[in-house]
Amino acid sequence: MNEGYIIKQLTLEDLESYKTMRLEALQLEADKFGNSFAVEAAYPESEWIHRLTQPDRACFGLFYKNELVGITAVLTNAEDLTNGYMTQSYIRPPHRAKGLSQLFYNVRIAWAKQQGLKTLTISHRKSNLVSKAAILKNGFLFTHSEPRVWGDGSEGENLFYSLGL
């Protein structure tokens, strides 16, 4: 089912592909993300470099035949160094519904364990039922919700889940 796909941690060599994919995700599916295309498109190059080079985070790319077709990330919570936060998942539409998001969960959980984290947190818009299903499938438990103004300007609930490692 996942034949031909590989996932790897992105490096500076992947900077332009990562940046292009992240901005594509924000532009095409603004209703799935907390930030907006306009905000991230205006980031200086140093912010993009920071995302790929800091030891407190990891960005991963999903490749099909050497083409980047998806991205995801996990980072350490600056306020609680035992907790990580999973973020930025996007897979291009032609590659969806193939079980590939499970690769994202597997690699982020493995990275968090290697870092010695004790818990992982993930959140989604209340309306994002696909994300909710994947989160629950991977053993995360609902912890709470918070009101939020999203990157696309809409308001709604942000649902949070936690996984003990």
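This is a predicted model: local features need pLDDT of at least 70, side-chain atom pairs count only at pLDDT 80 or more; totals for chains, interfaces and linings use all residues.
Start by selecting G139, which sits in the loop between α5 and β6; helices (H or I, at least four residues) and strands (E, at least two) are DSSP runs, numbered from the N terminus. Is G139 buried, exposed or partly exposed? With a relative accessible area of 38%, G139 is partly exposed; buried means under 20% relative accessible area, exposed over 50%, and partly exposed in between (1.4 Å probe, protein chains only). Leaving aside residues up to four places away in sequence, G139 touches S162 and L163, where contact means heavy atoms within 4.5 Å.

Residues are numbered from 1 along each chain as its sequence is written, and side-chain values use heavy atoms, with hydrogens and water left out.

**The sheet**

Now colour the strands. Seven of them form an open, mixed sheet in the order β1-β2-β3-β4-β5-β7-β6; two strands pair if DSSP finds at least two bridges between them. At the edges are β1 (5-9) and β6 (141-149), each pairing on one side only. From one strand to the next, the twist averages 25°; axes are lines fitted to C-alpha atoms, for helices over the stretch in contact, and angles run from 0 to 180 degrees between N-to-C directions.

Next, pick α5 (residues 129-137). This helix packs on the sheet, touching β5 (119-125) and β7 (155-164), and its direction makes about 160° with that of β5.

Zoom in on β2 (residues 57-64) and β3 (residues 67-77), an antiparallel pair with eight bridges. Here L62 stands opposite G70 in β3. In the loop between these two strands you'll find K65, whose phi is near 50°, positive although the residue is not glycine. K65 is exposed, at 66% relative accessible area.

Follow β3 through a two-residue hairpin into β4. β3 and β4 (residues 80-91) are antiparallel over seven bridges, and V74 stands opposite M86 in β4. Stop at Q88, also in β4: this non-glycine residue has a positive phi of about 60°. Q88 counts as buried, at 11% relative accessibility.

How do β4 and β5 pair? They run parallel, over three bridges, and T121 in β5 is the bridge partner of Y85.

**The cores**

Show side chains for V74, M86, Y105, L120, I122 and F140. Within the largest nonpolar core, of 18 residues, these touch the most other members. A nonpolar core is a set of buried Ala, Val, Leu, Ile, Met, Phe, Trp, Tyr and Cys residues joined through side-chain atoms within 4.5 Å. The largest share, five residues, comes from α4. Then try L10, Y18, F33 and I71, included in a second, separate core of 16 residues.

**Last stop: two helices**

Select α1 (residues 15-28) and α3 (residues 45-53), which pack at about 105° with axes 10 Å apart. α1 and α3 are therefore roughly perpendicular (angles under 35 degrees count as roughly parallel, over 145 as roughly antiparallel, 65 to 115 as roughly perpendicular and the rest as oblique). For the contact itself, show residues including Y18 and R22 of α1 and W48 and L52 of α3.
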